[in-house]
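Visitor: I would like to go through this structure with you and ask what lies behind the words that are used for it.

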Amino acid sequence: MSAIRSSTHWGSVFLFLGPALGAIGVFFFIPVIAAFFMSFTDFDIYSLGNWDFARFVGFANYQKLMENPVFWQALKNTFYFVLVGGPLSIAVSLMAAMMLNSPLTKLRSMFRVVYFLPVVTTLVAVAVIWRYIYHPKFGLLNYGLSFLDISPVDWLGDPFWAMPSLIIMAVWKNFGYNMIIFIAGLQNIPKDLYESAMLEGANPWQQFRYITLPMLAPTTVFITLMTIIGYFQFFAEPYVMTQGGPLNETLSIVLYMYQEGFRWWNMGFSAAIAFVLFIIIFIATAIQLRLQKEGSH
Amino acid sequence: MKTTLGFALAFFLAFSGCQKKSQPNEIRFWAMGAEGEKVKLVIPEFEKENPGVTVSVQMIPWTAAHEKLVTAVASGTEPDLTQLGNTWIPEFVALGALKNLDSLANQSESATQSKFFEGVWETNVLDKNLYGIPWYVDTRVMFYRKDVFKKAGYDHPPKTWDELRDLCEKIKKLPGNSKNYAIYLPANEWSHFVTFGLQAGSPILKDSDTRGAFSDPEFRRSFTYLMSFLYDSLAPPRFTEVTNVYQAIEQGFFSIYMSGPWNIPEFKKRLPEHLQSEWMTAPLPGPDNQYPGYSLAGGSSLVMFRNSKNPELTWKFVEFLSRKSTQLKFFTVSGDLPAVKEAWQDSVFLADPYLAAFRQQLDHVKSTPKIPEWEQIAFSRIQTFAELATARKLTIDQTLKQLDESVNIILEKRRWYLEKIGKVKP
């Protein structure tokens, strides 16, 4: 045993792990730590030229953030997106997965491809199409609604409708990914469970409630977690569709952070936003894991 | 073992950085968007005049330009020369990246103050120091429908604010125009609000550009004036309704649009045949009896970096680009308007009716405040508050007061900075 624990052993451990650890250290831990310190300074374009023009400001960035109505707006928008868009996306994925898993459905593999296509399409291309769909005068959506005698809605320009419009687009774009995972989960449920349930006279709803849902629980936990984390980082949709407008109604935390940091170079302030987002995601994930643990007992 | 070593090697190579060494006779020039491509057409002449010298152009898309330039400065990998939108100059001066060009320009024949449009030259001067030479200019004038003006009883473009307002009311009253508008003032473009503010004599910012001057009488006057168009349905209140400006103008959704030279070819291309003789450009009206009123002194400058390895050679290239003949050639290949006044005497310009308004306007252009924070103030504050006022979430008084307050928060750092470098006594 002692021979294995000799110094040569440790040497080769470091030799093999070193590059990976080094890369993670340099590209992940150091920037994270640097950003953490930066969030206590007012590092900006003046400081980039000369470090003398950076001030240590303590918690001032965080305080400024708390006092800033734009931040609360962004936070509200992000939660709106997560709490409405997240469950909606998961529900749509599950429904699509069940339909594609049903033996009654024809052309299953074709539909699987069709539903998955938006996931692999670049968002910019998707955005161009959706901007046309949402166009207040010439858009497909308003055209359809005109048959129902609904007057045209300015989907992306109206402060009330802008966020729902982005949510619908995001759900359409993303549900295919979760759907594939759900299909895999569904195929892992043993068929004999359903057979015995049918013999006992369980209706489809009971089968779904007492067999499918519990058996899918591990998949659902995974999907919910990933979706929530991903949806908190809501960025690309408003970035390409609305730039956060109208009236900041679609400004998300990450978009706000991006604008402050990379558009205006208020790096210190932007780093503070990043850490607030980190804490929020951390808490949300912890709560969720806790709930699921309790639920399974 | 081999792969580990290979990986480690690659890792360290990546860090040692493979900085491209510049050749002694090479000028490294960054240019943005279409200019990056077009400038290559004028370079051979320079290289012929200076045997052995090469100009290597790197094209950068506009959307990535700002980030790339800042990172280049931060990491010390800047080129010898770059094109820079003139509102970006203050930021790179604050970074201490740009070379002072005063002595060079004073001794130059082509790249010297008297050759350029005054207002545009001014955008390159910070604290009496010159940091850039204008390359091409950009300003906004009025694009309008002659036939609609005629129907409304105007045989000339409006020369004063009162005339503009009167004309718009008359256009709105034309038969069939109850659902149409007269002018387009999108709230998501800060330029209108700033242009009219400058026209009314507002400095936009005051106290050495450390505080907003938005609630002061001059800006208030211009803002109230512009808002009246939106409130009285003379301008479409929701800018998202207009995704295609050309279509909107064709349909008479509005008839006046303030825009830049890039729209001349677009109007020629996109308006239908029967409207081609019915559109024209005109300088902007002024608030009182001054005509034309001011417009923005936009455009791109050529700036040299302090770390340039070849300052003499680079300056020679700047002088070459500032020559009348080069400016003309560059205009023919790119459509960018010459910054050198003499170039405008060429027959190309005299023959073009659409460019006459720009020539006239360029003698009446003003710079926006020359501070690094300007773009942030314009895009994230003026635009946001203009939107709030347009949507009537705030009154004009509230808008201007809150705009001042939020701009003053941004400028806190600048107040501290000026005090620290001893420019302003607290």
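Visitor: How far apart do the C-alpha centres of domain 1 and domain 2 of chain B lie, and what makes these stretches domains?
Guide: In this predicted model, the two C-alpha centres lie 29 Å apart. Domain 1 of chain B covers 23–139 + 297–362, and domain 2 of chain B covers 141–295 + 370–420; these bounds come from an automatic or database domain assignment. Residues are numbered from 1 along each chain as its sequence is written, while chains are lettered from A and ligands numbered from 1 in the order in which they are written. Because the model is predicted, local features need pLDDT of at least 70 and side-chain atom pairs count only at pLDDT 80 or more, whereas totals for chains, interfaces and linings use all residues.

Visitor: What makes two residues of these domains count as being in contact, and how many does each domain give?
Guide: Their C-beta atoms, placed from the backbone, must lie within 7 Å; on that basis the contact takes 15 residues from domain 1 of chain B and 16 residues from domain 2 of chain B. On the domain 1 side, the largest share, five residues, comes from helix 17 of chain B, a helix being a DSSP run of H or I with at least four residues, and a strand a run of E with at least two, each numbered from the N terminus.

Visitor: Why are residues of helix 17 of chain B said to line one face of the helix?
Guide: Ala357(B), Phe358(B), Gln361(B) and Leu362(B) are buried, a word kept for residues with 20 or more other C-beta atoms within 10 Å of their own C-beta atom, all placed from the backbone (12 or fewer would be exposed, and in between partly exposed). Seen down the axis of helix 17 of chain B, these buried residues fall within an arc of 130°, so they line one face; the arc is taken from the directions from the helix axis to the C-beta atoms. Among the elements that cover them are strand 6 and strand 7 of chain B.

Visitor: Where in chain B is confidence lowest, and where is it highest?
Guide: On the pLDDT scale, the predictor's confidence in each residue from 0 to 100, helix 1 of chain B is lowest, at a mean of 46, and strand 7 of chain B is highest, at 97. Over residues 1–19 of chain B the pLDDT is below 50, although chain B averages 91.

Visitor: How many residues of chain B are in contact with chain A?
Guide: By the contact rule already given, 26 residues of chain B are in contact with 27 residues of chain A. Helix 18 of chain B gives the most to the chain B side, with five residues.
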